[in-house]
Amino acid sequence: MRVPNSVVLPVGTHVDCCREEEVEEKRRDIMAKIAAMLAERKSNLAHFIDNLEGSEEPEFYVDQWERLKEMESCTLTILNLVAVNCTDHCDIKKLEATILEHVKNEELFPEVVRVLPPVYRQVEAAIVDIAQSEEMADHGMMDLQYLLSKLSQCEHLANLGRELLQDILRYLHRIGLVVWYEEIKHLESTVFLQPTFLITMFKLLVRHRLVQQLESIS
(Lines give C-alpha, C1' and ligand atoms only; values in the text may rest on other atoms or scores of the structure.)
Protein backbone atom coordinates (compact mmCIF):
# COMPACT_ATOMS: atom_id res chain seq x y z
CA MET A 1 0.00 0.00 0.00
CA ARG A 2 3.00 2.29 0.41
CA VAL A 3 4.70 1.41 -2.88
CA PRO A 4 3.67 3.46 -5.94
CA ASN A 5 1.85 1.49 -8.66
CA SER A 6 1.92 -1.81 -6.78
CA VAL A 7 0.55 -4.96 -8.38
CA VAL A 8 -0.66 -7.69 -6.02
CA LEU A 9 -1.59 -11.25 -6.94
CA PRO A 10 -3.50 -12.92 -4.07
CA VAL A 11 -2.86 -16.67 -3.84
CA GLY A 12 -5.16 -19.03 -1.94
CA THR A 13 -3.66 -22.35 -0.85
CA HIS A 14 -5.06 -25.60 0.62
CA VAL A 15 -7.61 -25.99 -2.18
CA ASP A 16 -7.37 -29.73 -1.52
CA CYS A 17 -9.08 -29.13 1.85
CA CYS A 18 -12.17 -27.55 0.22
CA ARG A 19 -15.02 -28.63 -1.98
CA GLU A 20 -15.11 -27.04 -5.44
CA GLU A 21 -18.08 -24.79 -4.63
CA GLU A 22 -16.33 -23.70 -1.41
CA VAL A 23 -13.28 -22.54 -3.36
CA GLU A 24 -15.36 -20.16 -5.48
CA GLU A 25 -17.25 -18.92 -2.42
CA LYS A 26 -14.01 -18.21 -0.55
CA ARG A 27 -12.47 -16.57 -3.64
CA ARG A 28 -15.40 -14.13 -3.90
CA ASP A 29 -15.32 -13.47 -0.15
CA ILE A 30 -11.57 -12.72 -0.13
CA MET A 31 -11.76 -10.40 -3.16
CA ALA A 32 -14.75 -8.60 -1.59
CA LYS A 33 -12.84 -8.12 1.68
CA ILE A 34 -9.81 -6.78 -0.19
CA ALA A 35 -12.02 -4.30 -2.08
CA ALA A 36 -13.66 -3.20 1.19
CA MET A 37 -10.25 -2.80 2.87
CA LEU A 38 -8.97 -0.60 0.03
CA ALA A 39 -12.16 1.49 0.04
CA GLU A 40 -11.87 1.98 3.82
CA ARG A 41 -8.20 2.97 3.46
CA LYS A 42 -9.07 5.53 0.77
CA SER A 43 -11.87 6.94 2.92
CA ASN A 44 -9.65 7.15 6.02
CA LEU A 45 -6.87 8.93 4.14
CA ALA A 46 -9.33 11.45 2.70
CA HIS A 47 -10.73 12.01 6.22
CA PHE A 48 -7.27 12.59 7.73
CA ILE A 49 -6.32 14.99 4.90
CA ASP A 50 -9.57 16.96 5.33
CA ASN A 51 -8.92 17.24 9.08
CA LEU A 52 -5.43 18.63 8.52
CA GLU A 53 -6.58 21.06 5.84
CA GLY A 54 -9.42 22.23 8.09
CA SER A 55 -7.27 22.75 11.16
CA GLU A 56 -6.76 26.25 12.56
CA GLU A 57 -3.02 26.23 11.81
CA PRO A 58 -2.52 23.88 8.82
CA GLU A 59 1.04 25.15 8.23
CA PHE A 60 2.15 23.15 11.29
CA TYR A 61 1.00 19.92 9.66
CA VAL A 62 2.58 20.30 6.22
CA ASP A 63 4.86 17.25 6.67
CA GLN A 64 1.95 15.03 7.74
CA TRP A 65 -0.23 16.37 4.91
CA GLU A 66 2.46 15.66 2.30
CA ARG A 67 2.96 12.13 3.65
CA LEU A 68 -0.78 11.42 3.52
CA LYS A 69 -1.09 12.87 0.00
CA GLU A 70 1.80 10.65 -1.07
CA MET A 71 0.07 7.58 0.36
CA GLU A 72 -3.20 8.63 -1.30
CA SER A 73 -1.46 8.74 -4.70
CA CYS A 74 -0.13 5.16 -4.36
CA THR A 75 -2.35 3.18 -6.70
CA LEU A 76 -2.80 -0.52 -5.98
CA THR A 77 -3.79 -3.03 -8.66
CA ILE A 78 -5.30 -6.23 -7.24
CA LEU A 79 -5.34 -9.16 -9.67
CA ASN A 80 -7.82 -12.02 -9.47
CA LEU A 81 -7.02 -14.54 -6.74
CA VAL A 82 -5.37 -17.76 -7.87
CA ALA A 83 -6.41 -20.86 -5.91
CA VAL A 84 -3.83 -23.66 -5.76
CA ASN A 85 -3.30 -27.08 -4.25
CA CYS A 86 0.34 -26.92 -3.09
CA THR A 87 0.59 -30.73 -3.09
CA ASP A 88 -0.18 -30.83 -6.82
CA HIS A 89 2.80 -30.05 -9.09
CA CYS A 90 0.43 -29.09 -11.94
CA ASP A 91 -1.13 -26.39 -9.77
CA ILE A 92 2.32 -24.98 -8.94
CA LYS A 93 3.15 -24.84 -12.66
CA LYS A 94 -0.22 -23.15 -13.28
CA LEU A 95 0.63 -20.50 -10.67
CA GLU A 96 4.07 -20.00 -12.24
CA ALA A 97 2.49 -19.56 -15.69
CA THR A 98 -0.03 -17.06 -14.30
CA ILE A 99 2.71 -14.98 -12.65
CA LEU A 100 4.80 -14.94 -15.85
CA GLU A 101 1.75 -13.95 -17.89
CA HIS A 102 1.07 -10.98 -15.61
CA VAL A 103 4.74 -9.94 -15.45
CA LYS A 104 4.91 -9.79 -19.25
CA ASN A 105 1.84 -7.52 -19.36
CA GLU A 106 3.19 -4.11 -20.38
CA GLU A 107 0.06 -2.37 -19.08
CA LEU A 108 0.80 -3.67 -15.57
CA PHE A 109 4.59 -3.39 -15.82
CA PRO A 110 5.58 -0.68 -18.34
CA GLU A 111 9.30 -1.19 -17.65
CA VAL A 112 9.25 -4.88 -18.52
CA VAL A 113 10.69 -4.12 -21.97
CA ARG A 114 13.61 -2.06 -20.62
CA VAL A 115 16.91 -3.29 -22.06
CA LEU A 116 19.68 -3.86 -19.51
CA PRO A 117 23.30 -2.83 -20.25
CA PRO A 118 25.51 -5.82 -21.19
CA VAL A 119 27.56 -5.40 -17.98
CA TYR A 120 24.48 -6.40 -15.92
CA ARG A 121 24.36 -9.79 -17.67
CA GLN A 122 28.12 -10.20 -17.37
CA VAL A 123 28.09 -9.54 -13.63
CA GLU A 124 25.05 -11.80 -13.19
CA ALA A 125 26.80 -14.67 -15.01
CA ALA A 126 30.03 -14.12 -13.01
CA ILE A 127 28.12 -14.14 -9.69
CA VAL A 128 26.39 -17.39 -10.65
CA ASP A 129 29.82 -18.92 -11.38
CA ILE A 130 31.19 -17.73 -8.02
CA ALA A 131 28.13 -19.04 -6.15
CA GLN A 132 28.49 -22.46 -7.79
CA SER A 133 32.25 -22.73 -7.36
CA GLU A 134 33.71 -25.29 -4.94
CA GLU A 135 35.41 -22.60 -2.84
CA MET A 136 32.04 -20.99 -2.04
CA ALA A 137 30.80 -21.82 1.47
CA ASP A 138 27.37 -23.43 1.80
CA HIS A 139 25.92 -20.31 3.46
CA GLY A 140 26.79 -18.26 0.35
CA MET A 141 27.65 -15.13 2.36
CA MET A 142 30.32 -12.85 0.90
CA ASP A 143 31.74 -9.48 1.83
CA LEU A 144 30.74 -6.82 -0.70
CA GLN A 145 34.30 -5.54 -1.17
CA TYR A 146 35.62 -9.10 -1.57
CA LEU A 147 32.90 -9.81 -4.15
CA LEU A 148 33.99 -6.71 -6.07
CA SER A 149 37.63 -7.89 -6.05
CA LYS A 150 36.58 -11.37 -7.25
CA LEU A 151 34.50 -9.90 -10.09
CA SER A 152 37.32 -7.51 -11.05
CA GLN A 153 39.52 -10.53 -11.72
CA CYS A 154 37.33 -11.31 -14.73
CA GLU A 155 38.96 -9.80 -17.82
CA HIS A 156 35.80 -8.07 -19.08
CA LEU A 157 34.96 -6.72 -15.58
CA ALA A 158 38.39 -5.31 -14.66
CA ASN A 159 37.01 -1.74 -14.56
CA LEU A 160 33.90 -2.58 -12.52
CA GLY A 161 33.43 0.06 -9.81
CA ARG A 162 31.72 -0.30 -6.43
CA GLU A 163 28.90 2.12 -7.31
CA LEU A 164 28.00 0.26 -10.51
CA LEU A 165 28.19 -3.09 -8.68
CA GLN A 166 25.76 -1.76 -6.07
CA ASP A 167 23.32 -0.74 -8.82
CA ILE A 168 23.59 -4.21 -10.33
CA LEU A 169 23.14 -5.88 -6.92
CA ARG A 170 19.91 -3.90 -6.40
CA TYR A 171 18.64 -5.32 -9.69
CA LEU A 172 19.77 -8.88 -8.82
CA HIS A 173 18.14 -8.50 -5.39
CA ARG A 174 14.85 -7.47 -7.02
CA ILE A 175 14.84 -10.50 -9.31
CA GLY A 176 15.78 -12.82 -6.43
CA LEU A 177 19.18 -14.03 -7.64
CA VAL A 178 20.94 -12.61 -4.56
CA VAL A 179 19.85 -11.04 -1.30
CA TRP A 180 21.46 -7.77 -0.23
CA TYR A 181 20.06 -5.87 2.76
CA GLU A 182 21.70 -2.55 1.97
CA GLU A 183 19.24 -0.66 4.18
CA ILE A 184 20.32 -2.62 7.31
CA LYS A 185 23.53 -1.13 8.70
CA HIS A 186 24.95 -4.39 10.08
CA LEU A 187 24.29 -6.23 6.81
CA GLU A 188 25.02 -3.58 4.18
CA SER A 189 28.50 -5.01 3.52
CA THR A 190 27.28 -8.62 3.18
CA VAL A 191 25.82 -10.18 0.02
CA PHE A 192 23.95 -13.49 0.21
CA LEU A 193 24.73 -15.35 -3.01
CA GLN A 194 22.63 -18.35 -1.92
CA PRO A 195 19.17 -17.00 -0.98
CA THR A 196 17.96 -20.56 -0.36
CA PHE A 197 20.28 -20.72 2.67
CA LEU A 198 18.32 -17.85 4.25
CA ILE A 199 15.04 -19.63 3.55
CA THR A 200 16.35 -22.80 5.24
CA MET A 201 17.59 -20.79 8.22
CA PHE A 202 14.29 -18.90 8.60
CA LYS A 203 12.38 -22.20 8.45
CA LEU A 204 14.44 -23.46 11.40
CA LEU A 205 14.06 -20.27 13.44
CA VAL A 206 10.56 -19.07 12.54
CA ARG A 207 8.14 -21.93 12.99
CA HIS A 208 4.70 -22.75 14.39
CA ARG A 209 4.58 -23.01 18.23
CA LEU A 210 8.32 -22.18 18.49
CA VAL A 211 7.90 -20.51 21.90
CA GLN A 212 6.03 -23.53 23.28
CA GLN A 213 8.73 -25.87 21.90
CA LEU A 214 11.48 -23.83 23.56
CA GLU A 215 9.60 -23.64 26.87
CA SER A 216 9.18 -27.43 26.90
CA ILE A 217 12.96 -27.87 27.04
CA SER A 218 14.09 -28.36 30.64
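Predicted model: local features only at pLDDT ≥ 70, side-chain atom pairs only at ≥ 80, totals over all residues.
**View 1. The buried and exposed sides of helix α4.** Buried residues of α4 are Y120, V123, E124, A126, I127, I130 and A131. When α4 is seen down its axis, these buried residues fall within an arc of 170°, so they line one face of the helix. The face turned away from this buried side carries P118, D129 and Q132, which are exposed. The packing partners of the buried residues of α4 are β5 (141-143), α5 and α6 (162-174).

**View 2. The crossing of helices α4 and α5.** The axes of α4 (residues 118-132) and α5 (residues 144-152) come within 11 Å of each other and cross at roughly 105°. Because angles of 65 to 115 degrees count as roughly perpendicular, α4 is described as roughly perpendicular to α5. On the α4 side the contact is made by V123, A126, I127 and I130, and on the α5 side by L147, K150 and L151. Sorted by class, the residues of this contact comprise 6 nonpolar, no polar and 1 charged.

**View 3. The loop residue S55.** S55 is placed in the loop between α1 (20-53) and α2 (62-72), and with a relative accessible area of 22% this residue is partly exposed. The C-alpha atom of S55 is separated by 57 Å from that of A131, a residue 76 residues away along the chain.

Definitions and conventions
Residues numbered from 1 in each chain as written. Heavy atoms only, no water. Axes fitted to C-alpha atoms, helices over the stretch in contact; angles between N-to-C directions. Helix = DSSP H or I, 4+ residues; strand = E, 2+ residues; numbered from the N terminus. Parallel < 35°, antiparallel > 145°, perpendicular 65-115°, else oblique. Contact = heavy atoms within 4.5 Å. Nonpolar A, V, L, I, M, F, W, Y, C, P; charged D, E, K, R; others polar. Buried < 20%, exposed > 50% of the residue type's maximum accessible area, 1.4 Å probe, protein only. Arc of directions from axis to C-beta.
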